[in-house]
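These are my notebook entries on a structure I was asked to examine. I set down each item in the order in which I looked it up.

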Amino acid sequence: MNTHEIAMHIQTHKAPAVLATLIEVEGHSYRKPGAVMLFFEGGTIGSLSPGCLESDLQLRTSGIWERGLPEIVEYNMLSPDDLSWGETVGCGGKIKVVLEPVQGELYKLLVQVSDRLARGENLVLFREAVEKGFAYKLEPDTSLSQNKNRLKLSPSAKENLATGHFMAAPAELTAFHTSFVPKPRLVIFGGGRDVVPIAELADNVGFRVAVADWREGSLHNKFPRAEQVICSPMEVVQRLGVAQEDYVLICSHQLGRDRQFLESVIPLAPLYIGIIGSKVRISLLLEELEAPASLHAPVGLPIGGEGPEEIAVSIIAEIIQIRRAGSRELPKGVESIEGSRNIFGSGAEQADGRVQGFTEIVAGGLTRERRA
């Protein structure tokens, strides 16, 4: 999720913005309920689809900002009739999205969210319908159960949504929430040139990056967006405050110093410890040490990568796999999310055999010319 970036943008930009939240899914969807996206003049943050919905949502944002009221919109992609949008698309599901103007109480709370995320807090922003909008409540995240993650829609709301009406949200939507979590952190020990694509890719997929090395010249101008620390291997843990929720990568290519850092980090039990190197080198590095379940050595998914860029892809892919699974013992190659390896449009045919296409979302199901 891009909640951290969204909150930071709202804190630093006072221009009009609209927050889109995916609240319900029937069938297949590119994103799951709870996914959020921010629309603002000149750009967006996040996504709700592979690109087939965003243009239509963007067209609605100016009106929502001017009215100052949230709305719900439904997109039905289950129908075999794909003529309404002029082409077949690959989502094949029915989704409902809430669009909220970021103003008033919502704006104030999202600014507060940004400050609290910077302190490492996990937060939940609750909405409850009132007469002309939502009542908002911001609380620490206490790991809500899956049942609480589901929306509570009244029978009349379901009926109206089924016919594809646009509506002001409070009349039909009882409650929903958005989770805000700080960016996870990847701590890299070693600042060689082969680390540059790893740090860049980690930053691009939503990690905070910290790079530590004992060599003064190793970090300069290589990692402009990363936190940088120059110190001995034994000092890294204290200087960076390495903790259980961190991901750690060891790649200084100096056996003795890698060993010193590894010995200092194992007792902290971070979510992930990866070691770059050959099996022989790793065997020497781990000699007389008890390898934790979170250790991945050699590091990376087995994609046959060659060169720094491809190896970076295999490493970050493995870290993402661990992050999404929420498990420290996920075997290599095991997928926790069905279809997560399928590039858009390359997955298996839908179970009901239907063509994947859009249908119109206005009352009566009438078609119209695509506007994007």
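**Entry 1: the start of a helix.** I began at the start of helix H8, where a side-chain oxygen of Gln254 comes to within 3.1 Å of the backbone nitrogen of Gly256. I note here that the model is predicted, and I return to confidence in the last entry.

**Entry 2: the buried side of H8.** Which residues of H8 are buried? I found Asp258, Phe261, Leu262 and Val265. Around the axis they cover an arc of only 100°, so they lie on the same side of H8. I recalled the general rule that an α-helix has 3.6 residues a turn, so residues three or four places apart point the same way. I then looked up what the buried residues of H8 pack against: strands S11, S14 and S15, together with helix H7 (236–240) and helix H9 (279–285).

**Entry 3: the sheet.** In what order do the strands of the open sheet stand? I read the order as S13-S12-S11-S14-S15-S16, six strands with parallel pairing. Strand S13 (227–230) and strand S16 (295–296) each have a single partner strand, so they stand at the edges and one side of each has no neighbour in the sheet.

**Entry 4: two strand pairs.** I examined S14 (residues 247–250) and S15 (residues 272–275), which run parallel and are joined by four bridges. Leu249 has Gly274 of S15 opposite. S11 and S12 also pair in the parallel sense, over five bridges. Arg185 has Arg208 in S12 as its bridge partner. I also checked how far S12 is covered, and five of its six residues are buried.

**Entry 5: helices across the sheet.** I recorded that helix H8 (residues 255–265) lies across S11, S14 and S15, at about 160° to S14. Helix H6 (residues 196–204) lies across strand S11 (185–189), strand S12 (208–213) and S14, at about 175° to S11.

**Entry 6: confidence.** The protein has an average pLDDT of 77, and 74% of the residues score at least 70.

Key: Residues numbered from 1 in each chain as written. Predicted model: local features only at pLDDT ≥ 70, side-chain atom pairs only at ≥ 80, totals over all residues. Heavy atoms only, no water. Pairing = 2+ DSSP bridges. Contact = heavy atoms within 4.5 Å. Axes fitted to C-alpha atoms, helices over the stretch in contact; angles between N-to-C directions. Buried < 20%, exposed > 50% of the residue type's maximum accessible area, 1.4 Å probe, protein only. Arc of directions from axis to C-beta. Polar contact = N/O pair within 3.5 Å; in protein donor to acceptor, adjacent residues only side chain to side chain. pLDDT = per-residue confidence, 0-100.
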